[in-house]
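Thanks for coming. I will keep this short and go through one structure, starting with the interface and ending with the helices.

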Protein chains: 2
Amino acid sequence: MNFRPYLPVLGLFLFVSLAVTAVADEGMWTFDNPPVKQLKEKYNFTPREQWLDHIRLSSVRFNDGGSGSFVSPNGLVITNHHVALGQLQKISNAQRDYVRDGFYAKTQAEEPKAPDLELNVLVSMENVTSRVHGAVKPGMTEKQALDARKAEQAKIQKESLDKTGLRSDVVSLYQGGEYWLYRYKKYTDVRIVFAPEQQAAFFGGDPDNFTFPRHDLDFALFRVYENGRPVQSKDYLKWNTKGAAEGDLVFVSGHPGSTERGLTVAQLENERDVIYPLRINRYKRELQALRAYSSRGAEPARQAADDIFSLENTVKAFTGEYNGMDKALFDKKSKEEADLRAKLAANPEWSREYGKAWDDIAAATRGQKELFKLQQYRSISTASKLASLARQIVVYVAEIKKPDAQRLNGYHESQLEELKFYLFSPAPIYPEFEEALLTFSLQDSRDQLGADDPWVKAILDGKAPAQVASEVIRGTKLTDPAVRKALAEGGEAAVNASTDPLVVLARKADPFFRDLRKQYEETVESVMTAAEEKIAKARFAIYGKLVYPDATFTLRLAFGTVQGYPMNGTKAPPKTTFYGLYDRSASFDNKPPFNLMPRFIQRKDKINLSTPLDFVASADIIGGNSGSPVISKNGEFVGIIFDGNIESLTGNFVYLEETNRAIAVHSAAIIEALRKLYDAPALANELEGK
Amino acid sequence: MNFRPYLPVLGLFLFVSLAVTAVADEGMWTFDNPPVKQLKEKYNFTPREQWLDHIRLSSVRFNDGGSGSFVSPNGLVITNHHVALGQLQKISNAQRDYVRDGFYAKTQAEEPKAPDLELNVLVSMENVTSRVHGAVKPGMTEKQALDARKAEQAKIQKESLDKTGLRSDVVSLYQGGEYWLYRYKKYTDVRIVFAPEQQAAFFGGDPDNFTFPRHDLDFALFRVYENGRPVQSKDYLKWNTKGAAEGDLVFVSGHPGSTERGLTVAQLENERDVIYPLRINRYKRELQALRAYSSRGAEPARQAADDIFSLENTVKAFTGEYNGMDKALFDKKSKEEADLRAKLAANPEWSREYGKAWDDIAAATRGQKELFKLQQYRSISTASKLASLARQIVVYVAEIKKPDAQRLNGYHESQLEELKFYLFSPAPIYPEFEEALLTFSLQDSRDQLGADDPWVKAILDGKAPAQVASEVIRGTKLTDPAVRKALAEGGEAAVNASTDPLVVLARKADPFFRDLRKQYEETVESVMTAAEEKIAKARFAIYGKLVYPDATFTLRLAFGTVQGYPMNGTKAPPKTTFYGLYDRSASFDNKPPFNLMPRFIQRKDKINLSTPLDFVASADIIGGNSGSPVISKNGEFVGIIFDGNIESLTGNFVYLEETNRAIAVHSAAIIEALRKLYDAPALANELEGK
């Protein structure tokens with residue numbers, strides 16, 4: 001799955017529970033509530049607790065937006081190349097481009113540290129629903145209730161952190177129907193072991209992205225260290241090189257970022273008519289700006305590569321989702337909504353309690369329409385990383401003065417360590433690139449909001465966007481992590497006294513941000529959260545936990561069958577082979593993005609061309625599942641998820657078993673590549689336990 | 001193109017001229033009016049007259065519904081395997097299955113005669129519009145005018161046949177805007193030289209049919225004889241084994257069967273709402289009956305194979321066309337129609353002359369709705385070939401007594417030779433199969449029309465369909481060509497006196513057929529023909545011959561570029577390679593219909609796997625173009641058309657350059673296969689002129 005959830009943006013979207021009872025291979029199930037009934041009925045398989053625990057403890061979350069798993073007892077973790085990409089880029093420079101050329105540390109001594117990568121393993125789950133619900137007292141307004149719930153969550157998190165030292169997140173499931181305290185073992189000393197060339201991992205580029213048949217070796221290997229030594233990972237997935245065959249039941253354990261399967265029809269209409277068009281067009285313009293920068297030369301191209309890659313990916317994903325919001329989808333959703341409301345209407349108590357929720361949401365949606373555009377464009381930090389750091393420091397120094405419960409999300413005590421990890425990251429920053437990005441976003445804000453918008457007036461102060469960007473980026477010292485650290489630690493006084501031009505700009509933008517945030521909370525978020533909770537409660541009353549909650553970038557178990565699907569008039573196969581890689585390359589006369597790396601051409605005769613390369617299964621996944629292991633009934637590693645097919649993009653709103661497919665690299669392809677193409681027999685041996 | 005036009009059925013559909021000015025790579029152009037302007041503007045290419053004549057005289061029509069071309073000076077003709085299939089089946093029997101196993105005559109002495117194959121070469125074209133139009137006198141009713149035109153056409157044909165001895169057809173183009181006398185050199189001694197196994201020609205079977213990427217060796221070779229010796233074919237296409245590359249301009253010379261690009265919106269609605277659903281459902285039921293018969297054993301399976309193949313093909317094509325009749329298509333067509341009518345309305349004379357045509361058609365369409373179902377089901381000959389022969393003999397003996405001009409289409413003097421060729425064909429007939437087919441069609445007619453329908457009552461006479469079928473098929477002697485010949489030559493007296501139970505049944509059905517035919521002519525055909533002629537004249541007044549006429553199974557020139565297209569979220573490549581064949585097979589674990597013939601497995605290492613296999617071009621083709629040569633600017637053979645992609649199926653109504661693609665076997669693939677897989681170097685040498 002090349003679409004990694006954009007966590008800061010996702011904050012705007014609320015997670016709601018799904019609309020229908022789960023059937024077939026549908027669902028991203030929490031580990032406390034696996035789909036026992038479905039597995040028994042359809043596959044005659046019953047997961048044991050030990051099996052579930054082993055899989056959970058073998059699964060790893062990449063906190064910058066992906067998944068992975070332990071695949072050796074010596075801390076070896078596998079994920080996607082595109083999840084590793086950011087770290088590979090950060091250890092690269094103009095002389096050594098590990099993204100383009102790949103990387104292999106032949107010995108542990110050669111394994112470099114990933115600059116700012118945090119991995120999490122979910123070690124415990126505790127139901128704290130009654131505590132969070134109990135924080136809301138009779139007579140509270142909706143805003144007061146929202147604040148009370150947030151405060152209680154923050155309190156639980158802090159208590160747990162203090163008590164256990166473990167990262168502790170309260171997770172809202174079923175749109176507030178349940179709250180769980182998830183505790184994570186956290187790893188920050190993660191070292192890079194192996195990555196193929198990006199072209200081998202991402203063969204077919206943007207055209208083939210989100211599609212199948214596919215021919216990608218989208219994997220990379222890290223090793224997790226503690227106290228300077230590889231961690232002894234007792235729970236790891238045993239490698240099965242034979243992999244999965246057509247018809248096999250398989251599981252996917254990973255971290256789907258977000259779904260919106262419970263959105264009401266009014267919300268979906270808003271997505272279709274307002275949110276998606278605005279975002280897609282915005283991203284397309286940003287992509288244009290990135291490409292213009294990239295075209296300046298080899299080094300600018302290298303600097304912008306990761307962002308272009310991510311953004312192309314995002315545009316394609318959003319466009320796919322947008323195109324999927326068709327009449328059929330609305331018909332289905334309208335029917336589901338009507339059915340649920342009819343069930344409620346038949347029960348006077350339910351009707352009184354929950355019946356108004358849909359109208360409340362519809363009203364809040366109208367308010368959201370107006371605020372959304374302002375939120376998008378009244379921001380200095382939508383493109384430039386440096387501006388984003390400045391903005392966060394300005395917010396940070398104000399927030400940490402408040403009691404934890406009153407802080408903005410992202411600035412709670414339990415979140416500060418992760419925030420600082422990013423704020424003070426030593427990862428390189430390229431001023432020319434930042435200047436181009438800030439110029440674009442300021443220009444775009446002025447184009448979209450108009451020159452008379454108060455924010456535009458305040459930020460540009462009568463100057464051209466390029467001039468403002470040039471002044472603040474060339475004048476700022478925030479490229480230095482130590483300067484950022486000093487500023488943040490100096491608190492509000494230091495920030496207010498700063499004459500750093502980027503900090504000055506961020507200070508100017510701050511009141512607008514806070515004002516919009518407040519309006520959004522009062523008129524949209526609080527109303528929607530309350531109404532969605534009502535709908536979720538209504539669903540709970542009817543379906544209980546026979547349904548799964550929307551994705552929340554927390555650990556989930558999906559399941560399905562390795563199988564092809566009807567595609568474009570014919571059948572997509574259950575898998576591809578290395579033959580297909582050579583065919584697709586030759587079909588385009590080896591032209592990019594269908595060009596083979598030289599080693600593939602030189603060593604063609606060494607490869608068994610009928611080795612399975614990628615395969616598809618009906619498991620229900622979405623962005624964030626990137627790097628999730630595909631696991632057999634025996635709990636063995638048989639592949640690694642890296643994408644969904646184009647038909648799966650509507651998975652954000654609905655799962656359709658006939659065509660929705662997760663795409664994985666086959667375990668055999670990884671071994672074949674390591675042994676025959678990359679001269680990495682030691683690594684293949686470690687994976688195969690030889 | 002696996003969809004071969006069903007010529008008898010096509011008689012019901014009227015050919016009308018296209019709705020829009022040709023742009024881009026659109027159009028199936030007559031050789032008297034090649035797209036000189038388009039070729040000059042887009043490709044800076046001007047076809048010379050000699051070039052056009054050479055291509056025309058190298059092109060061959062397969063009268064059972066396909067195209068081909070001369071590819072050696074010794075009468076070698078190439079067409080598709082699926083065009084040759086019927087003849088291959090006819091020379092096969094329970095012991096030798098050339099469809100399954102392929103065929104290769106190593107010497108000319110071993111070349112068997114195709115049992116009933118007629119090839120035509122278009123040797124001259126003469127504009128006879130003024131004669132046909134002149135036959136209509138002022139004051140004639142529409143029915144009288146229709147009759148007068150038909151009579152004049154028959155007269156022209158007879159005169160030409162008498163004068164030249166050449167097959168002479170008057171062709172209506174631009175829906176009567178022009179009439180042309182086409183004279184054909186006719187070949188009936190055609191011998192079979194080479195065919196690969198059907199599985200190699202039709203790899204991927206029904207799933208891959210009408211789709212791309214594709215991996216088929218869909219070709220076969222015949223040799224044309226005259227006076228017992230191979231014809232010296234002066235005009236033949238020189239073989240270019242290098243073939244065409246991405247971006248190359250290519251031409252397709254062949255015989256597109258029919259298009260309906262000028263249908264009015266009212267007619268398209270009738271197609272969508274009445275005709276397509278009825279036909280698709282009917283064909284699906286017939287397919288079920290064929291499969292039931294096929295499942296009885298190996299020999300029944302062999303007998304039914306060609307029909308199942310054709311019908312699967314037809315169902316997929318019709319379904320594709322039907323699915324393509326979506327809102328976008330109707331929006332486009334409605335706009336075109338409104339534009340044309342607005343142009344007419346601006347000119348009082350045009351308005352008076354042509355303005356009423358659309359309403360006339362809409363009215364006739366309402367009549368057509370009612371008659372269409374009766375025409376479909378009041379027939380004994382929709383499935384059984386034997387019943388069809390009986391029916392045609394009964395019609396034949398009555399028609400030939402009339403003056404030529406008053407006969408039904410298909411029974412004019414100039415058409416009799418071809419008719420007799422089929423009526424008295426020695427091709428085998430399988431009584432058990434015929435009984436199953438007739439049982440199905442009688443049963444289906446009763447199901448669809450109801451037991452009280454007068455035709456059903458007359459035909460079944462109170463018996464079960466299976467009983468009637470059993471009695472007439474087991475009792476008939478018409479399986480013997482000599483019996484059919486004696487009956488036909490005995491005339492009405494012999495037919496009326498016959499007690500052959502199938503002839504008796506055909507006699508019972510005849511009055512119904514004639515009555516429906518008369519109603520259809522009077523209420524639908526005559527009105528539509530006149531109205532469509534008006535619309536065509538109106539278009540002529542506006543566009544002249546800047547547009548091309550609808551397809552009429554006569555020779556046309558199409559052109560386009562070898563290029564991929566956007567497909568299912570990614571790009572379809574311009575070509576496939578042998579690598580892709582092995583990949584697709586391995587992707588499905590070599591399971592049918594993706595299984596490789598043993599020679600492909602045994603000789604894999606001999607093949608250059610990067611050899612192009614199939615390729616696509618934007619040339620505008622449709623069913624009937626099967627077997628058409630793909631020709632370079634230099635007039636050389638670079639490939640052979642065998643299908644269109646799924647996106648091209650709406651080509652019946654509209655050409656969309658972005659996605660409409662013709663699919664061809666690459667010239668290099670044929671040579672590679674003949675030399676490396678089929679041990680046929682002599683044949684490869686003949687093709688390559690070595």
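Buried area here is the accessible area, taken with a 1.4 Å probe, that two parts lose on being put together, summed over both. On that basis, chain B and chain A bury about 2600 Å² between them. Of this area, 52% is on carbon and sulfur atoms. Please keep in mind that this is a predicted model.

Staying with the interface, chain B contributes 30 residues to the contact, and chain A contributes 30 residues as well. How many salt bridges are there between chain B and chain A? The count is four. One to look at on the screen is Lys575(A) with Asp589(B), where the closest N and O atoms are 2.7 Å apart.

Next, the sheets. In chain B there is an open sheet of seven strands, in the order 12-11-17-18-19-16-15, and the pairing is antiparallel. Which strands are at its edges? They are strand 12, residues 556-561, and strand 15, residues 575-577, of chain B, each of which pairs on one side only. On average, neighbouring strands in this sheet are turned by 30° against each other, with direction ignored.

At the strand 12 end, the partner is strand 11 of chain B, residues 249-254, and these two are joined in the antiparallel sense by six bridges.

Over to chain A. Strand 5, residues 119-127, has two antiparallel partners to mention, among them strand 1, residues 59-62, over two bridges. In that pairing Phe62(A) is opposite Leu119(A) of strand 5. Strand 5 of chain A also pairs with strand 7, residues 178-187, over eight bridges and again in the antiparallel sense. There, Ser124(A) faces Arg183(A) of strand 7 across the pair.

Last, a helix pair in chain A. Packed helices are described by the angle and the distance between their axes. For helix 17, residues 431-449, and helix 19, residues 465-475, the axes come within 8 Å and cross at roughly 145°. Is the crossing of helix 17 and helix 19 of chain A left-handed or right-handed? It is right-handed.

On the helix 17 side, the contact residues include Leu438(A), Leu442(A) and Arg446(A), and on the helix 19 side they include Val468(A), Val472(A) and Ile473(A). Sorted by class, this contact between helix 17 and helix 19 of chain A has nine nonpolar, three polar and four charged residues.

That is what I have; I will take questions now.

Note on methods:
Residues numbered from 1 in each chain as written. Chains lettered and ligands numbered in written order. Predicted model: local features only at pLDDT ≥ 70, side-chain atom pairs only at ≥ 80, totals over all residues. Heavy atoms only, no water. Axes fitted to C-alpha atoms, helices over the stretch in contact; angles between N-to-C directions. Helix = DSSP H or I, 4+ residues; strand = E, 2+ residues; numbered from the N terminus. Left-handed = near helix turned anticlockwise from the far one by under 90°. Contact = heavy atoms within 4.5 Å. Nonpolar A, V, L, I, M, F, W, Y, C, P; charged D, E, K, R; others polar. Pairing = 2+ DSSP bridges. Salt bridge = Lys/Arg side-chain N within 4 Å of Asp/Glu carboxyl O.
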